[in-house]
Amino acid sequence: ACRSRLPAAPHPRCSRCHLPLATGRAADPAAASDGCRECRDWPPDVAALRWAWVMAPPADALVHALKYQGWSALAREMGLDMARALRSAPGPAPDLVTPVPTTEARRARRGYNQAALLAQTVAEEVGRPLRDTLLRTRDGATQVALPPSLRRANVKGAFVASPLNDRVIRDRHVILVDDVLTTGATAAQAAGVLRAGGAARVTVLTYARALPGPGLPHG
């Protein structure tokens, strides 16, 4: 019963970020000619984005329970949904899976990095190695507490490559895993570090995505 209530987005969707382009109608002409209105201004470091569910009830409750309430066992089921969503991603087969890192302070508070738990299941399902290729260098304000206009500044410079990173990712297609995507600021920063380190392609994979709407501008 709970699974049947998980909110899927309608098709057709953008081939890059999987945002719904229309509902039962031909794709938006602007999207066809200039790219999706949501992702056409994203940096090229993010080759593609895939996500399992819309960030709405009950998916939002599952994300919250995993991230803040210690329900780590949820990561298995959530990761399975993410692995299924990844099957539609364009480009070559992935070479490895890596999580968006959290700070040591947050990991100590929660007892785990929720993105790492999700990435573990995804890696098992797609049959690719799981590698920690990034480090988070500072504990800025949580993205949830910030308006979209400040999120990019909040995560600028927040990630660096972990030791031996370039040997692991060079010329590889990397799947970058996180729990939620809202504006894409965190994913873009992390993907930029991976690409600068030699990754050939970065596909971002999340459990949920907040769709643009009132109070959440495009971009």
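Tutor: The second largest pocket has a lining of 13 residues, and those nearest its centre are Pro101, Thr102, Glu104, Leu134 and Leu135. Two elements give two or more residues each to this lining, namely helix 4 (104–110) and strand 3 (134–136). Strand 3 gives the most, with three residues. The volume of the second largest pocket is about 240 Å³. It should be kept in mind throughout that this is a predicted model.

The pocket may now be placed within the whole. The protein has 219 residues, and 48% of them are buried. Its secondary structure consists of eight helices and six strands. Read from the N terminus, these elements follow the order α-β-α-α-β-α-α-β-α-β-α-β-α-β.

Strand 2 (residues 96–99) includes Leu96. Leu96 has a relative accessible area of 3%, and it is therefore classed as buried, the limit being under 20%. Although Leu96 and Gly127 are 31 residues apart in sequence, their C-alpha atoms lie 8.8 Å apart in space.

Rolling a probe the size of a water molecule over the atoms shows where empty space is left. In the whole structure, one cavity of 30 Å³ or more is found. The largest cavity holds about 30 Å³ of space. Its lining consists of Trp42, Pro43, Val46, Leu181, Gly184, Ala187, Ala188 and Val204.

Several of these lining residues lead to other elements. Helix 8 (residues 185–196) has twelve residues, which at 1.5 Å a residue should span 16 Å; the C-alpha atoms at its ends are 17 Å apart, so the two values agree. Nine of the twelve residues of helix 8 are buried, and the helix is thus mostly covered. After helix 8 comes Gly198, which has a positive phi, near 115 degrees.

Strand 5 (residues 173–181) pairs with strand 6 in the parallel sense, over eight bridges. Strand 6 is mostly covered, since eight of its nine residues are buried.

Strand 6 (residues 201–209) also pairs with strand 1, again in the parallel sense, over six bridges. In this pairing, Val54 stands opposite Arg209 of strand 6. Strand 1 (residues 48–54) is mostly covered as well, with seven of its seven residues buried. As a general point, the side chains of a regular strand alternate between the two faces of the sheet.

A last detail concerns ring contacts. The charged end of Arg13 sits over the ring of Trp51, at 5.2 Å from the centre of that ring. With ring centres required to lie within 6.5 Å, the count of aromatic pairs comes to zero.

To return to the part requested, the second largest pocket has Pro101, Thr102, Glu104, Leu134 and Leu135 nearest its centre, and strand 3 gives the most to its lining.

Methods: Residues are numbered from 1 along each chain as its sequence is written. This is a predicted model: local features need pLDDT of at least 70, side-chain atom pairs count only at pLDDT 80 or more; totals for chains, interfaces and linings use all residues. Side-chain values use heavy atoms; hydrogens and water are left out. Rings of Phe, Tyr and Trp (its six-membered ring) pair if their centres lie within 6.5 Å; planes under 30 degrees apart count as stacked, over 60 as edge-to-face and the rest as tilted. A charge sits over a ring if NZ of Lys or CZ of Arg is within 6 Å of the ring centre and within 35 degrees of the ring normal. Buried means under 20% relative accessible area, exposed over 50%, partly exposed in between (1.4 Å probe, protein chains only). Helices (H or I, at least four residues) and strands (E, at least two) are DSSP runs, numbered from the N terminus. Two strands pair if DSSP finds at least two bridges between them. The expected span of a helix is 1.5 Å times one less than its number of residues. On a 1 Å grid over the protein atoms alone, a cavity is a set of points where a 1.4 Å probe fits but cannot get out, and a pocket is an open set with protein on both sides within 12 Å along at least five of seven lines; lining residues have an atom within 4 Å of a point. Grid points are joined across faces, edges and corners, and a volume is the space filled by probe spheres set on the points.
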